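Hello,

I am passing on the structure we talked about, together with some notes on what turned up in it. Please keep it open beside this message while you read.

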Amino acid sequence: MTDETLAAGVYGVGQMGSHHARVYEELPNVDLVGVYDNDPEQASSVAADHGTSPRDPEDLFERVDVLSIAVPTAYHYDIASRAIDSGVHVLVEKPFVETDGQAETLIEQAEDNGVVLQVGHIERFNPAVRTLQDVVPDLDVIAVDARRLGPPLDRDMGTGVALDLMLHDLDVVLDVLDVPVRSVTADGTEDGQYVTALVTFEDGVIGTFTASRLTQQKIRKLSITARSCKVDVDYIDRSVHIYRKSYPEFVEEKGSVRYRYENLIEQPMVENGEPLKNQLESFTAAVRSGEEPIVTGEDGRRALALANRIEALAAGESEVAPNVTI
């Protein structure tokens, strides 16, 4: 399948799914052969915009090699299961599914059918995160701090703030550290719109995660403290700054002694590129090569399990499936 044109489709063409359709149309050796949406008018409009056709689900499954699933999370499991049984390679938007059991079933189902299953954790394809992944392996990490904050929305998201926002940072940190979780504590506001979690990893690294839909400023930042430096990532402006260890000193100047401290700051080169396009290029490349995708079903399951645990703890509930491996 290395040089063949892939037939692509999108199941659910709302705000996110319509962008998937746009990118598939732009990719070389990919043919957008159809879209489906529960709203026929929306499906027809998006199809017309991108030179394809609205189709019913079964027709779509029969025509496509690869499929993006961009519908509300409650429907992910059923749609992905049907597509996989039809031999279709699938990219499921985050959150992956609703439960750990559903995630495990889809992972096994994809393996049995020999298809690629990728989860749409788009921040993995943010150029700044790609640069971070090159930096972290050389560091003795002590702590991580992630903040994903924003103002109130004028619509009901249908998911808690940990599953909607914090999930991005949980996935990135689980990937760059690649260490099991030892313990989790969390708390949040009564309405669940502001949540902070403390996650301790098996190697002793401490992770602090905050997500908010109440903060009157949009912030998307990750800081990593290591013994030799501090690394700051800004997801929005796609920048990485490394603050290296420097030494304070007392210096004599015009007969007086003053204290001087200099910061040594590095700013690695960050490549350009749209994260969604990077993501779909990676997905179709995995399909062509038969290799494991960058964001696997197991990656999606781990992030989901941790986010579900944080949501429950922040709400004052007992842990959800505390024996689930993260």
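Strand β1 (residues 6-11) and β3 pair in the parallel sense, and four bridges hold this pairing. Within that pairing, A8 has V66 of β3 as its bridge partner. Please bear in mind throughout that this is a predicted model.

Strand β3 is also joined to β4 by four bridges, and these two strands run parallel; here V66 stands opposite H89 in β4. Together with helix α4 (residues 76-85), strands β3 and β4 make a right-handed β-α-β unit. Which way do the side chains of β3 (residues 66-69) point? V66 and S68 point one way, L67 and I69 point the other way, and all of them are buried.

A cis peptide bond joins K94 and P95, with omega about -10°, and P95 lies in the loop between β4 (89-93) and α5 (100-113).

Two residues other than glycine have a positive phi. For D178, phi is near 55°, and this residue lies in the loop between α7 (161-177) and β7 (181-188). Is D178 buried or exposed? D178 has a relative accessible area of 61%, and because this is over the cut-off of 50%, it counts as exposed. For R238, phi is likewise near 55°, and R238 lies in the loop between β11 (229-234) and β12 (239-244). R238 has a relative accessibility of 34%, which lies between 20% and 50%, so it counts as partly exposed.

Best wishes

Methods: Residues are numbered from 1 along each chain as its sequence is written. This is a predicted model: local features need pLDDT of at least 70, side-chain atom pairs count only at pLDDT 80 or more; totals for chains, interfaces and linings use all residues. Side-chain values use heavy atoms; hydrogens and water are left out. Buried means under 20% relative accessible area, exposed over 50%, partly exposed in between (1.4 Å probe, protein chains only). Two strands pair if DSSP finds at least two bridges between them. A crossover is right-handed if, with the strands pointing away from the viewer, the path from the first strand over the helix to the second runs clockwise.
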